[in-house]
Amino acid sequence: MSRTIDKLAEPAEKKNTKVIIASCSRTGTLGLYFAMKILGYKPYHMYEVALVQGKPHMRALLEAMTAQHNRFSGIKRYDKVDFDKLTADYDSLVEVPSWLGPAFLDDYAQDPEVKFILTERDPDRWAKSVNGTVGFIVKAAASFPLNVLKHLDEELGVFLALNTTVYAAMADGTKPGQAGNEAALRRNYVEYIKAVKNTVPNERLLVVKLEDGLGWEQICPFLGVPIPEEKYPRGNEVDNFQGMADDYFKKRTRAAMFNLGALLVPVLAVSGYLGWKYFGKLA
């Protein structure tokens, strides 16, 4: 089976991966994405995927997630070679590796030049935060009008499918509010954190608990870079996340409505013509 990643053009060159932020979503990863940019890195994060790279990368990540978490998919799993191709323009990976699990990190752990950062937080607070953000998107995807509009705008459809797949992997296929949902989220989160610590060499892993604070003082000495004058960028709270999601949905909704109009115009034109022919004869 030909995969999305196989259809992408081969990059002229590949940046060396320097840093992997193996953290799960909702553990300060958006702030880390902007922090890495300030420090001069080129980070690959969901923000970059959805708002910069768009459909090709969202399709590829959806395919990678499906292959990784559904052994009956018939899709060959993505390996480091595939991911190097997808992220050729980037030298750090943020959050995205956590979607594929700790086994995916093992290949990068073999490279002594790659450093890892892992942020963690209280599992109960993390589960609630996930349900207020990614869970919010999952519920919206299954509700009107997005459950209809996602069929009218390809980018919206793949964005919702990617978020739904990521959430399903974190929540064992449960939906927000279902029995056992938060328990599944907590269990998978705790197991993932333990697995990362067992996979990555201690001397190349920085672990930061969000409750203890996250800023330049933690990450810059570890990366061996000077602390910048700019304030450390803070990530998004749940309300801000939902606001960002709403803005994205509004943009894609307009595109979907435009596509709907483009479909209806010829249909209405033909209907009008046939109606004129039919009723014109009767007259």
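Trainee: Which residue is the bridge partner of Ile20 in strand 4?

Mentor: Phe116 is the partner of Ile20 there. This is a predicted model, in which local features need pLDDT of at least 70, side-chain atom pairs count only at pLDDT 80 or more, and totals for chains, interfaces and linings use all residues. Residues are numbered from 1 along each chain as its sequence is written, and side-chain values use heavy atoms, with hydrogens and water left out.

Trainee: What makes strand 1 and strand 4 a pair?

Mentor: Two strands pair if DSSP finds at least two bridges between them. Strand 1 (residues 19–21) and strand 4 (residues 115–120) run parallel and are joined by three bridges, so they pair under that rule.

Trainee: What is the strand order in the open sheet?

Mentor: The order of its five strands is 2-3-1-4-5, and the pairing is parallel.

Trainee: Why are strand 2 and strand 5 said to stand at the edges?

Mentor: Strand 2 (43–44) and strand 5 (205–209) each have a single partner strand, so one side of each has no neighbour in the sheet. Helix 12 packs on the sheet, where it touches strand 4 and strand 5. The direction of helix 12 makes about 155° with that of strand 4; such angles run from 0 to 180 degrees between N-to-C directions, and axes are lines fitted to C-alpha atoms, for helices over the stretch in contact.

Trainee: Why is Thr87 called buried?

Mentor: Buried means under 20% relative accessible area, exposed means over 50%, and partly exposed is in between, with a 1.4 Å probe and protein chains only. Thr87 has 0% relative accessibility, so it counts as buried. Thr87 belongs to the loop between helix 5 (80–86) and strand 3 (92–94).

Trainee: Which residues are in contact with Thr87, leaving aside neighbours within four places in sequence?

Mentor: They are Lys14, Tyr44 and Leu93, where contact means heavy atoms within 4.5 Å. Thr87 and Lys15 are 72 residues apart in sequence, with their C-alpha atoms 8.3 Å apart in space.

Trainee: What kind of peptide bond joins Phe144 and Pro145?

Mentor: The bond is cis, with omega about 10°. Pro145 sits in the loop between helix 9 and helix 10.

Trainee: What is the packing geometry of helix 8 and helix 9?

Mentor: Helix 8 (residues 123–132) and helix 9 (residues 134–141) pack at an angle of about 35°, and their axes are 3 Å apart. Val130, Asn131 and Gly132 of helix 8 meet Val134, Gly135 and Phe136 of helix 9.

Trainee: What makes the space lined by His69 and Trp99 a pocket?

Mentor: On a 1 Å grid over the protein atoms alone, a pocket is an open set of points with protein on both sides within 12 Å along at least five of seven lines, whereas a cavity is a set where a 1.4 Å probe fits but cannot get out; lining residues have an atom within 4 Å of a point. The second largest pocket has a volume of about 340 Å³, the space filled by probe spheres set on grid points joined across faces, edges and corners. Of its 20 lining residues, the closest to its centre are His69, Ser98, Trp99, Ala169 and Met170. Helix 11 gives the largest share of this lining, five residues.

Terms used
Helix = DSSP H or I, 4+ residues; strand = E, 2+ residues; numbered from the N terminus.
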